[in-house]
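Morning, everyone. I have one structure to show today. Please have a look before I start.

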Amino acid sequence: MIDLRSDTVTKPTTAMREASYKALVGDDVYGEDPTVNKLEEKAAELTGKEAALFVPSGTQGNQIAVLTHCQLGNEVILEENAHIYLYEGAAMSAFAGVQPRPLKGIRGALNPEDVRNAVRPDDLHFPETGLICLENTHNKAGGAIIPLENMKAIHEIGQEHMVPIHLDGARLFNAAVASGIPVKEWSSYVDTVQFCLSKGLGAPVGSMIAGSKEFIRQARKWRKRLGGGMRQVGVIAAPGLIALTEMVDRLAEDHEHAKMLADGIKNIKGLEVENEVETNIILINVERIGHTADSYLEALKKEGILGVAFGEKTIRFVTNFGVMKKDIEQVLERMQKLVL
Ligand SMILES: Cc1ncc(COP(=O)(O)O)c(CN[C@H](C(=O)O)[C@H](C)O)c1O
């Protein structure tokens with residue numbers, strides 16, 4: 001099986017498994033796990049924030065950010081196809097008691113003037129705007145990189161209106177590697193950032209949230225309230241350190257494979273690549289070959305290829321370090337056969 005469903009399917013490397021085995025551990029509820037402490041320091045250093053916190057998933061990282069930034073009854077400005085809006089089970093309403101304010105984006109990027117106009121004025125009828133959420137790279141937009149200028153402009157609006165900004169940076173390292181702009185620079189235009197260790201970086205579990213010391217102190221408390229206080233967590237934090245020290249630069253290979261796959265698909269009659277492939281995600285429209293996303297995925301599965309549906313007529317492929325160049329060649333050969 002060539003698994004292109006997501007970069008979440010990556011399995012830990014041998015180095016990660018060895019690091020787990022050898023990890024120095026302690027009780028993290030008492031702050032005594034040296035490995036996760038090191039990982040949190042590393043994440044703070046890479047993002048240029050004062051502190052960071054290890055969390056078991058990107059979703060929990062995003063939701064702890066909402067819980068920590070917002071009060072009950074706040075409104076959260078976000079892009080209408082953001083993961084935090086589409087794929088997190090309305091957690092921000094269920095747990096934090098806030099209402100999302102979805103805005104239309106272009107390839108995931110919000111128009112700064114739309115953001116400015118969406119910030120609520122002080123009025124007895126209105127909720128206060130508690131947070132602005134950005135996502136980079138943008139999953140639904142096909143791993144699109146939100147331009148730095150756009151983030152800078154929205155940062156200024158946040159500062160002007162004293163509304164904090166959270167970045168869902170699940171694939172922020174993909175944006176950094178593809179653009180050559182360091183993670184620290186991207187992070188300088190937001191108050192808090194969540195990034196995944198468990199996606200392209202290949203760790204088996206976990207994400208990091210980074211922000212001010214005070215923010216992380218409160219976020220740690222929210223994680224504990226959610227039952228996320230962990231004990232000898234170094235066992236799963238150690239692979240995260242390998243992810244950050246050994247697996248970042250190789251993301252360029254995933255991007256190269258994605259471009260190779262997209263270029264090959266463009267030569268297959270009837271298939272249409274929907275997105276400009278900047279990182280590791282490819283969106284393919286299958287309508288012209290008379291398929292729905294589901295029927296095409298079924299046909300692909302019979303050929304030993306896995307993808308996911310990303311709409312009625314669109315499938316998504318995500319390259320990852322389990323997929324080599326020879327796999328990409330195989331996928332193209334088998335997809336070509338499917339349309340003959
Ligand atoms: C932008 C972004 N932010 C947050 C998350 C949540 O991360 P996890 O909770 O899965 O660790 C994801 C996961 N994305 C997963 C995937 O792409 O296969 C699915 C859709 O949930 C994400 O793409």
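How much area is buried between domain 1 and domain 2? About 1,500 Å², and carbon and sulfur atoms give 55% of that. Buried area here is the accessible area, with a 1.4 Å probe, that two parts lose on being put together, summed over both. In domain 1, Gly142, Asn174 and Met247 lose the most area to domain 2. Together they make up 31% of what that side buries.

Some ground rules. This is a predicted model: local features need pLDDT of at least 70, side-chain atom pairs count only at pLDDT 80 or more, and totals for chains, interfaces and linings use all residues. Residues are numbered from 1 along each chain as its sequence is written, and side-chain values use heavy atoms, with hydrogens and water left out.

Now the domains. Domain 1 is 14-247 and domain 2 is 250-338; such bounds come from an automatic or database domain assignment. Their C-alpha centres lie 28 Å apart. Domain 1 puts 19 residues into the contact, and domain 2 puts in 14. Contact means heavy atoms within 4.5 Å.

Next, charges. The rule finds two salt bridges across this interface. That rule wants a side-chain nitrogen of Lys or Arg within 4 Å of a carboxyl oxygen of Asp or Glu. Elsewhere on my list, Arg107 and Glu278 meet through their side chains in a salt bridge, at 2.7 Å, N to O.

Last, the cysteines. Cys133 is buried at 4% relative accessibility. Cys196 is buried too, at 3%. Buried means under 20% relative accessible area, with a 1.4 Å probe and protein chains only.

Notes. Buried < 20%, exposed > 50% of the residue type's maximum accessible area, 1.4 Å probe, protein only.
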